[in-house]
Amino acid sequence: MNGPGRLITFEGPEGGGKSTQARLLADSLRARGLEVLTTREPGGTPTGEIIRDLLQNNLSGEPIRDATEALLFCASRAQLCRDVLAPALGRGAWVVLDRFTDSTLAYQGFGRGFDVAALRSLNDFATGDVKPALTLLLDLPVEEGLARAVSRSGKKDRIEQAPLDFHRRLREGYLRLAREEPDRFVVVDAAKPVPDVTADIARVVEARFFAR
Ligand code: T5A
């Protein structure tokens, strides 16, 4: 059970425009006079940002085991839920979050091959009772998303470097998660130009939270 606030999560394969759209959605919610917080996973707390750096840039120099990776994402999540999300939702704020529990199911479950039920238990342990009210799945072909991610940063990070098959599996996994929970998920066509995606998201949010 969240407090009186609302948690909206952005999910999807690489380069779908989650960060771009999360920022634009937060701006539009603020324009309604709401208190809005934006944050991201992994990260969003000092501990989480160190975990992010560790995961993305392989700081230790040794290969990160898949099991270690799964636990580190959940460790970052546990800190974020307790220190940021639960307090914000408890005071009635809206939180727009760039990736959350479904990323672990998609990447570590469908992508790396860990048991999805076991990962759901890990997620529950990490989140306590913090749950999204809406999850926007920004879906696009993986080749297109990876090309966008590279054109933005000029290189691929550790996870982006995984084989194309890994990215295809996690995209299919996301779509399966969305079919399993149609009340929470909305799939958005992220291959469209930015303003079109923003307009599609605005329509979803209006209908879900503000239509009388
Ligand atoms: N991960 C994360 C796990 O494996 N398990 C987990 O539990 C969690 C939480 C996070 C990585 O960790 C993995 C997933 C990721 O691999 P990240 O840097 O946060 O790393 O990576 P992403 O979340 O994938 O974020 P990206 O920054 O790569 O992509 P976004 O946020 O989807 O896209 P955005 O907005 O940064 O846009 C990327 C580029 O595309 C352009 C933008 O201008 C930008 O240049 N763009 C568009 N271009 C054309 N048309 C559009 N509609 C566009 N929208 C954006």
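Helix H4 passes helix H7 in a right-handed crossing, a crossing being right-handed if the near helix is turned clockwise from the far one by less than a right angle, and left-handed if anticlockwise. Helices are DSSP runs (H or I, at least four residues) numbered from the N terminus. The structure is a predicted model, in which local features need pLDDT of at least 70 and side-chain atom pairs count only at pLDDT 80 or more, while totals for chains, interfaces and linings use all residues. Residues are numbered from 1 along each chain as its sequence is written, and side-chain values use heavy atoms, with hydrogens and water left out.

The axes of H4 (residues 101-111) and H7 (residues 164-180) cross at roughly 130 degrees and come within 8 Å. Axes are lines fitted to C-alpha atoms, for helices over the stretch in contact, and angles run from 0 to 180 degrees between N-to-C directions. H4 and H7 are therefore oblique to each other; angles under 35 degrees count as roughly parallel, over 145 as roughly antiparallel, 65 to 115 as roughly perpendicular and the rest as oblique. Ala, Val, Leu, Ile, Met, Phe, Trp, Tyr, Cys and Pro count as nonpolar, Asp, Glu, Lys and Arg as charged, and the others, Gly among them, as polar.

H4 also packs against H3, at an angle of about 175 degrees and with the axes 10 Å apart. H3 and H4 are therefore roughly antiparallel to each other. Glu69, Ala70, Phe73, Cys74 and Arg77 of H3 meet Thr101, Thr104 and Gln108 of H4 in this contact.

The largest pocket holds about 890 Å³ of space. A pocket is an open set of points on a 1 Å grid over the protein atoms alone, where a 1.4 Å probe fits, with protein on both sides within 12 Å along at least five of seven lines; lining residues have an atom within 4 Å of a point. Of the 37 residues lining the largest pocket, Glu14, Lys18, Ser19, Arg152 and Glu160 are the closest to its centre. The lining includes 10 nonpolar, 12 polar and 15 charged residues. H4 is one of the helices that each supply at least two residues of this lining.

H4 and H5 (116-127) each supply at least two residues to the lining of the second largest pocket, and H5 gives the most, with four residues.

Definitions and conventions:
Points joined across faces, edges and corners; volume = space filled by probe spheres on them. Contact = heavy atoms within 4.5 Å.
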